[in-house]
Amino acid sequence: GPCEGKMCTIIDIVDQKRVIVDGPESLTGVRRHMMPVKRLLLTDFKSQISRGAREKVLKKALDKDEIMKKWENTAWAKKRKAQATKAAMNDFERFKLFLAKQKRSKAAKAILKKKGKK
């Protein structure tokens, strides 16, 4: 959906299968709405906020705990960013990447070939 790959915070629990999430929209692009738990992937990050907290309180809590900085430093976030960058490449950029990988592979094979002869 439109919120795929975006970071959000669980604000309130509706029932066993649904929660209310909020981005906040100015930071992550996710508006406050109800979402099924099945669609969420949980992280280890936790922020101390009250149940049903407003957007202003949520922003302060995220800044205080530096949640967004911690998220950007995870391997998961870096992998998603790399996937997005690769998906946004045009044909010539993909070709340049192909040539760079080819060059790197040839250099690695040459080094392994030298070590194999010794």
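Mentor: The lining of the second largest pocket divides into 6 nonpolar, 2 polar and 5 charged residues. Here Ala, Val, Leu, Ile, Met, Phe, Trp, Tyr, Cys and Pro count as nonpolar, Asp, Glu, Lys and Arg as charged, and the others, Gly among them, as polar. The model is predicted: local features need pLDDT of at least 70, side-chain atom pairs count only at pLDDT 80 or more, and totals for chains, interfaces and linings use all residues. Residues are numbered from 1 along each chain as its sequence is written, and side-chain values use heavy atoms, with hydrogens and water left out.

In all, 13 residues line this pocket, and Gly5, Trp71, Glu72, Ala77 and Lys81 lie nearest its centre. A pocket is an open set of points on a 1 Å grid over the protein atoms alone, where a 1.4 Å probe fits, with protein on both sides within 12 Å along at least five of seven lines; lining residues have an atom within 4 Å of a point. The elements that give two or more residues to the lining of the second largest pocket are helix H1 (25-28), H3 and H4. H4 gives the most, with 5 residues. Helices are DSSP runs of H or I with at least four residues, strands are runs of E with at least two, and both are numbered from the N terminus. The space in the second largest pocket is about 260 Å³, a volume being the space filled by probe spheres set on the points, which are joined across faces, edges and corners.

Trp71, one of the residues nearest the centre of this pocket, also belongs to an aromatic pair. There are 2 aromatic pairs by the rule that rings of Phe, Tyr and Trp (its six-membered ring) pair if their centres lie within 6.5 Å. Trp71 and Trp76 form an edge-to-face pair, 5.2 Å centre to centre with 70° between the planes; planes over 60 degrees apart count as edge-to-face, under 30 as stacked and the rest as tilted. Trp71 counts as buried because its relative accessibility is 13%, while Trp76, at 33%, counts as partly exposed. Buried means under 20% relative accessible area, exposed over 50% and partly exposed in between, with a 1.4 Å probe and protein chains only.
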